[in-house]
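Hi everyone, thanks for coming. Today I'd like to walk you through one model, starting with a loop and ending with a pocket.

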Amino acid sequence: MEFYDAVERRKTTREFLKKDVDFAAVRRILEAGNRAPTWDHNRNWRYILLRTDEEKECAFAEAKKIADKFDAERYLHMPRPYPITSGQKMYGYAVPKQFTMLQGAPYVLIPLYKAKEASGGSVSKLNPFATIWCVIENILLASAAEGLSCSMRIPLDAEHDAVKARLKIPSSYRIPAFIGIGYADPEEAKPEQIVPDLDKQIRFGKWK
């Protein structure tokens with residue numbers, strides 16, 4: 001698959017087919033992740049893979065609680081002083097699937113990067129955080145090139161620490177996201193997407 005085809009094909013999936021994924025494809029995807037730029041040249045990332053329902057249910061108890069208690073109908077139809085936005089529609093669609101979009105994926109990948117904390121006093125202190133997201137983008141595009149698709153959940157602070165403790169992740173590592181990998185269900189609903197106007201985004205020389 002050509003690079004721009006993979007970019008066009010990549011999308012967030014929240015419903016997967018019950019179809020096995022060849023582990024050889026997962027290895028290729030992770031190798032693509034390892035080709036990302038790294039600020040310290042060490043590439044000391046690590047990857048945890050979850051495969052069984054038991055592993056996923058143990059890891060993502062917080063995501064399940066959040067999804068179970070969210071009332072999508074109430075949220076989507078609550079009175080507002082303005083028309084509901086596409087972002088709010090997406091939120092109402094996505095939150096109830098925060099657990100099932102991981103549970104239903106044949107593989108859930110938890111990438112890990114080495115850092116004591118996610119924030120810093122200067123932008124340069126965010127280098128480990130920035131480079132793991134380069135890894136993740138490579139993973140998303142490589143998955144698309146393999147004909148696969150991904151879901152993604154960014155953990156809340158308490159959730160991050162709880163999952164880290166359950167999976168016995170060393171204190172020097174942090175979790176940027178949980179990524180489900182599998183074959184997208186072609187029948188999944190396609191929520192409205194905002195298409196940016198590139199000409200309005202570009203600035204030459206300075207902002208104005």
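**A loop and a pocket**

Let's start with R43, which lies in the loop between helix 2 and strand 1. Helices (H or I, at least four residues) and strands (E, at least two) are DSSP runs, numbered from the N terminus.

Before going on, a word on where this comes from: this is a predicted model, where local features need pLDDT of at least 70, side-chain atom pairs count only at pLDDT 80 or more, and totals for chains, interfaces and linings use all residues. Residues are numbered from 1 along each chain as its sequence is written, and side-chain values use heavy atoms, with hydrogens and water left out.

Back to R43: its phi is near 50°, a positive value in a residue other than glycine. H41 sits in the loop between helix 2 (23–34) and strand 1 (46–50), and phi of H41 is near 65°, again positive in a non-glycine residue.

Are these residues buried or exposed? H41 counts as exposed because its relative accessibility is 66%, while R43, at 35%, counts as partly exposed. Here buried means under 20% relative accessible area, exposed over 50%, and partly exposed in between (1.4 Å probe, protein chains only).

Now, which residues lie nearest the centre of the largest pocket? They are R9, R10, K11, T12 and S149, among 23 lining residues. A pocket is an open set of points on a 1 Å grid over the protein atoms alone, where a 1.4 Å probe fits, with protein on both sides within 12 Å along at least five of seven lines; lining residues have an atom within 4 Å of a point. Helix 8 gives the largest share of that lining, four residues.
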